[in-house]
Amino acid sequence: MVDWRLDARPNEPTKIRPAVIVEEDERFPDGYPNTLVVPLTHDRSLAYPSFSERIDPSAENGGKDTCWALGHHVTSVSLARVRPTPSRITRAQLKSLRGRIALALGF
């Protein structure tokens, strides 16, 4: 869960909402104060198809409804904004989401 309530701008997330941590721990030094995340939404209209990963509910992710991970909204946030949960997406979903982020960034 990420708290985006502070300092949010128009068209940015503005509440506490679920997110997927997409960074690889090995790429950043221990003690790095931020992490790379992608917000989740239930609003399909925000999910640009090429850049968003559909996440269907499962026991592993704890979801109740289908949501979308918005790869085109990848951002760095302070760890102070992040509250870990036991919810997880699959390795295949994470790999696909990282591919969608790369596509959105033009890689």
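**Salt bridges and a buried leucine**

Arg 54 and Asp 56 join their side chains in a salt bridge, with 2.9 Å from N to O. Both ends of this pair get some solvent: Arg 54 is partly exposed at 44% relative accessibility, and Asp 56 is partly exposed too, at 37%. The model looked at here is a predicted one, and it holds four salt bridges.

Another of these bridges pairs Arg 100 with Glu 53, whose side chains meet at 2.7 Å, N to O. This pair ties together distant parts of the chain, as Arg 100 sits in helix H1 and Glu 53 in strand E5 (residues 52–55), 47 residues apart. Arg 100 is partly exposed, with a relative accessible area of 23%. Glu 53, at 10%, counts as buried because that value falls under the 20% cut-off.

Then there is the bridge between Arg 27 and Glu 24, at 3.5 Å from N to O. Arg 27 is exposed, with 64% relative accessibility, while Glu 24 is partly exposed at 29%.

With a relative accessible area of 0%, Leu 97 is buried. Setting aside neighbours within four places in sequence, Leu 97 touches Val 20, Val 22, Val 38, Glu 53, Ala 69 and Gly 71. Glu 53, then, is both a contact of Leu 97 and the salt-bridge partner of Arg 100. As for Val 22, its C-alpha lies 8.1 Å from that of Leu 97, though 75 residues separate the two in sequence.

Terms used: Residues numbered from 1 in each chain as written. Predicted model: local features only at pLDDT ≥ 70, side-chain atom pairs only at ≥ 80, totals over all residues. Heavy atoms only, no water. Buried < 20%, exposed > 50% of the residue type's maximum accessible area, 1.4 Å probe, protein only. Contact = heavy atoms within 4.5 Å. Helix = DSSP H or I, 4+ residues; strand = E, 2+ residues; numbered from the N terminus.
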